[in-house]
Structure formats: structure tokens, C-alpha cells
Amino acid sequence: MKTNIHPSAIIDDGAKIGEGSRIWHFVHVCKGAVIGKNVSLGQGAYVGNKVTIGDNCKIQNNVSIYDNVYLEDGVFCGPSMVFTNVYNPRSLVDRKSEYKDTLISRGVSLGANCTIICGIKIGEFAFIGAGALVNKNVKPYSLVVGVPGKQIGWMSEFGEQIPLPLKGKGIYECPHTEDVYELDDKTLKKRK
């Protein structure tokens, strides 16, 4: 599989792009970026120098992935969603030495126009709703919405809400995949 790069895209020398990736109109990928296999970068996307994007990620139009943001495999970034890398930016103060790492775990979906504040970790297969502002760590399989972001439920790996409470005990079997999820207190896990 070959990589498909639109002629209007700017790919700096040194950037690493995996096989089968598609880079669309007006994208800029900086020299230190590492992009996995079968990644799609939508129109107007930007990828900084100190960024890693795992395999099978989908980055929609107008998403900027700044330094110190790391996406594991299978992450979905909705149109115009935002990452930050400095907690308290000022135009007149150089804070490049203060960039904070942000980790987006495997299978996470980040809805359109949501904002992810730097220095946090979003757990596997969490689902961040459109327009949410996330400023603290998110547990795996959480459904988070609002400003500031608040967990209102759980999501399956298939991408549907799981009808279990936020805390307590319970078991749920996905009708699409037959995956079984178990809630124990405030933690949801998929059974192996």
C-alpha cells in the first residue's frame, strides 16, 4: 500500500509517515512527526514536531496536533477539535520549555469542536462528546460531555452507550460484538 499525499500538502524532510496513510489538501506535517500506518489527515490539519500518531487514526479537517500530544492506535479526532500544549499561554512569555504531555489512548473518539487541555491522559475507548472541554484525566470507556467535561456514562468499543450506572456493579454484553463489560465500583473493564 502506498501513501497518498495531496500535492498541496507540506511534508517537512524527516517526517515519518506509515504505509497506506492519506494526507489531504493543505496539511502541514513537521519534520519530527511520526505517523503510523493507514492514518487519514483531513484538509487543513497540522502535525507538530514532537507528535506521535498511531496506526489507523482518523484526523478530521482543521485539527492541529501540537508538540507533546501523543495519539495511540485507532484514535478519532473530530472536525475542528483542539489540543493545547501550554496550560497558561501568554504571547509575551516564552513557555516552550513548559509544554505538557497529553496522551490519548487506543480507540478514543474526540468529538467535533471539543477542547483537550494539556497534561492529561484519556483512557482507552473513552468517548468525548462534541464541544466538550476536558481538563482532567478520563477513565477508560467513559462518556464525557459538557464544559467543563463531566462523565455521564460508559461507551462500548463498538461506540454505543452502555446502560450501566457510573458506580456500583454490573455486567453488559454488547449485542453487536458479544464483548462483555464489567463494572466494579467506578471502573469499567472489558472481560478478556
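User: Why is R191 called partly exposed?
Analyst: Buried means under 20% relative accessible area, exposed over 50%, and partly exposed in between (1.4 Å probe, protein chains only). R191 comes out at 42% relative accessibility, so the label is partly exposed. Keep in mind that this is a predicted model, where local features need pLDDT of at least 70, side-chain atom pairs count only at pLDDT 80 or more, and totals for chains, interfaces and linings use all residues. Residues are numbered from 1 along each chain as its sequence is written, and side-chain values use heavy atoms, with hydrogens and water left out.

User: How do you know that R191 and E182 meet in a salt bridge?
Analyst: A salt bridge is a side-chain nitrogen of Lys or Arg within 4 Å of a carboxyl oxygen of Asp or Glu. For R191 and E182 the N to O value is 3.3 Å, and that's a salt bridge.

User: Why is K169 called exposed, but D184 partly exposed?
Analyst: K169 has a relative accessible area of 66%, so exposed it is. D184 has 42%, so that one is partly exposed.

User: What about K190 and D179?
Analyst: Their closest N and O atoms are 3.8 Å apart, which makes a salt bridge. Both also belong to a network of salt bridges with E157.
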